[in-house]
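Visitor: I am new to this structure and would like a short tour. Could you show it to me?

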Amino acid sequence: MALFDKYPVSVSNSQSGEKELFSPINAGNVGMYVCGPTVYNNVHLGNVRTFLSFDIISRYLRFLGYKVRYVRNITDVGHLENDADEGEDKIAKKARLEQLEPMEIVKHYTEGFHEVMRQFNILPPSIEPSATGHIVEQIEITKKLIANGLAYEVNGSVYFDVTAYNKEHNYGILSGRVIEELMESGRKLDSQDEKRNKVDFALWKKASPYHIMRWPSPWGDGFPGWHIECTVMSTKYLGETFDIHGGGMDLKFPHHECEIAQAVGAHGKPPVKYWIHSNMLTVNGQKMSKSLGNSFLPAELFSGNHPLLAKGFGPMTVRFFMLQSHYSSTLDFSNEALIAAEKGFKKLSNALGIIKKLNHSGGSSSTDKELAENLTSLVDLCYTNMSDDFNTAKTLAVLFEMSARINDFKSGNIPLKNISEEMFLLFKDTYIGMMENILGLREEEEHNQELLTGIITVLIDLRKKARQDKNFALSDKIRDDLKALGVQLMDGKDGEMNFTIE
Ligand SMILES: [Zn+2]
């Protein structure tokens, strides 16, 4: 029996507003799409929370035995300055301001984004497609929407006709927005506007002679609108209907609403079975924003170099801190909350170190029935909490209880001989699996580890050189001194050297 049958998952579908039993379209397989970063800026902590939420979801579904194809895109063109399709493309604007090729900006910030994901132990998606790599498909679907009577061309730009779509379908099905209200609110269209109605949105924009990111199309040189890229990349890799679409709450409208309209308009069916939206990060109770001076870059957090922080915090502490609340709740960020998280994380991570080294000496009978029941129920609770809409907060509470048992095992308060080997292994594997595989928490040493490896490699190279120079006294000294520090060098053939750290 697969774990996903034993612990069926329920998901809060933000389209229905209900918690629904998760049942993928193709049994045993999950297709998941998450809107990735717009790479014109450094990734901030709010973005990290979003990608962490979906990292947990994909990790847990995989752990349960599902085969998951996780697609997270890179928006490297077309994300306009504001949602009204006015203004400049964010990446083109940055390129103009910094006098760079747009692709230099894209490469720089994409690499920065990947580095931050790695620091937080957020696993890479299965596919990471980019908008500029899918221009042809975006043109094709735009042509299809025109042919279906749901889009129109004006002066080299193409707009989606929301009112035409809404005659047969429901624009607002995800966000609950009402088209009549949208039509009346805000600024009225003026004679300069190309759109027929203010709710319409761009599928393709004509490039001005100065616009540097441009591609030929049936409507002349231009670039794609923002919403269309996600419709193209999600359905290309996951099929016209797929299981999970995720993103931050702020993308629900208009971005995701538009994605649904485009997909229904082009393929005739709703694209997504379960919509999942993660909530925002606040700082001392206020919305995180650059203009309020309370937004954080990961590097400021690690160094503590920020007016709101008393010290720096490691990425695993921050990861733990974020997992203490459910992805759908707002999470308030403060110096005090981080200090508390650091203590909490240390407890769990100490217990992880202990249980990894603990071994049962064998024997198969549980003599303490009550204890066995307690341990079994803790194991079950980890799964039932995670299966309950990926509730990491509740799961962490169970792990704290488990860590108390682990300390009892170590101190001898609970003699291991009182529990069966099978029970012990189930408990041990569950604790390690929950901590490392599902919650992605590891000991806070990744940075030092990298540095350490680098330094040892330098010493190994020096030792090789010493041996080539027949300076065996120096070569032996390097080996022996490293050994005294717990670093064991192993001489291989061809003069290669490996090492292990105790
Ligand atoms: Zn998107």
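Guide: A definition comes first: donors are N, O and S atoms within 2.8 Å of the metal. Please keep in mind that this is a predicted model.

Visitor: Which protein atoms are the donors of the zinc ion?

Guide: They are SG of Cys35, SG of Cys230 and NE2 of His255, lying 2.0 to 2.1 Å from the zinc ion.

Visitor: How are the donor residues spaced in sequence?

Guide: The spacing is C-x194-C-x24-H. Distant parts of the chain are linked here: cysteine 35 is in the loop between β3 (29–34) and α2 (45–63), while histidine 255 is in helix α9 (residues 252–267), 220 residues apart.

Visitor: Is cysteine 35 buried or exposed? And what about histidine 255?

Guide: Cysteine 35 is buried, because its relative accessible area is 5% and the cut-off for buried is under 20%. Histidine 255 counts as buried too, at 1% relative accessibility.

Visitor: Let us step back. How many helices and strands does the protein have?

Guide: There are 17 helices and 15 strands. The C-alpha trace spans about 80 × 65 × 45 Å along its principal axes. Of the 502 residues in the protein, 50% are buried.

Visitor: Which residues touch the most other members of the largest nonpolar core?

Guide: They are Leu45, Leu61, Leu399, Phe409 and Tyr431, in a core of 131 residues. Helix α2 supplies the largest share of this core, nine residues.

Visitor: What does leucine 61 touch?

Guide: Leaving aside residues up to four places away in sequence, leucine 61 touches Val9, Phe22, Val30, Tyr66, Val68, Ile244 and Phe390. There is also a second, separate core of six residues, which includes Ile456, Ile460, Ile478 and Val487.

Visitor: New topic: at what angle do α14 and α15 pack?

Guide: Helix α14 (residues 392–411) and helix α15 (residues 421–438) pack at about 135 degrees, and their axes are 11 Å apart. The two helices are therefore oblique to each other. Their crossing is left-handed.

Visitor: Which residues make the contact?

Guide: On the α14 side they include Leu399, Met402, Ile406 and Phe409, and on the α15 side they include Phe424, Phe427, Tyr431 and Met434. Leu399, Phe409 and Tyr431 were also named for the largest nonpolar core.

Visitor: One last point: where is lysine 346 found?

Guide: Lysine 346 is in helix α12 (residues 335–357). With a relative accessible area of 52%, lysine 346 is exposed. Its C-alpha atom is separated by 57 Å from that of alanine 164, 182 residues apart along the chain.

Definitions and conventions: Residues are numbered from 1 along each chain as its sequence is written. This is a predicted model: local features need pLDDT of at least 70, side-chain atom pairs count only at pLDDT 80 or more; totals for chains, interfaces and linings use all residues. Side-chain values use heavy atoms; hydrogens and water are left out. Donors are N, O and S atoms within 2.8 Å of the metal (3.2 Å for Na, K and Ca); water is not among the atoms, so sites may look incomplete. Helices (H or I, at least four residues) and strands (E, at least two) are DSSP runs, numbered from the N terminus. Buried means under 20% relative accessible area, exposed over 50%, partly exposed in between (1.4 Å probe, protein chains only). A nonpolar core is a set of buried Ala, Val, Leu, Ile, Met, Phe, Trp, Tyr and Cys residues joined through side-chain atoms within 4.5 Å. Contact means heavy atoms within 4.5 Å. Axes are lines fitted to C-alpha atoms, for helices over the stretch in contact, and angles run from 0 to 180 degrees between N-to-C directions. Angles under 35 degrees count as roughly parallel, over 145 as roughly antiparallel, 65 to 115 as roughly perpendicular and the rest as oblique. A crossing is left-handed if the near helix is turned anticlockwise from the far one by less than a right angle, and right-handed if clockwise.
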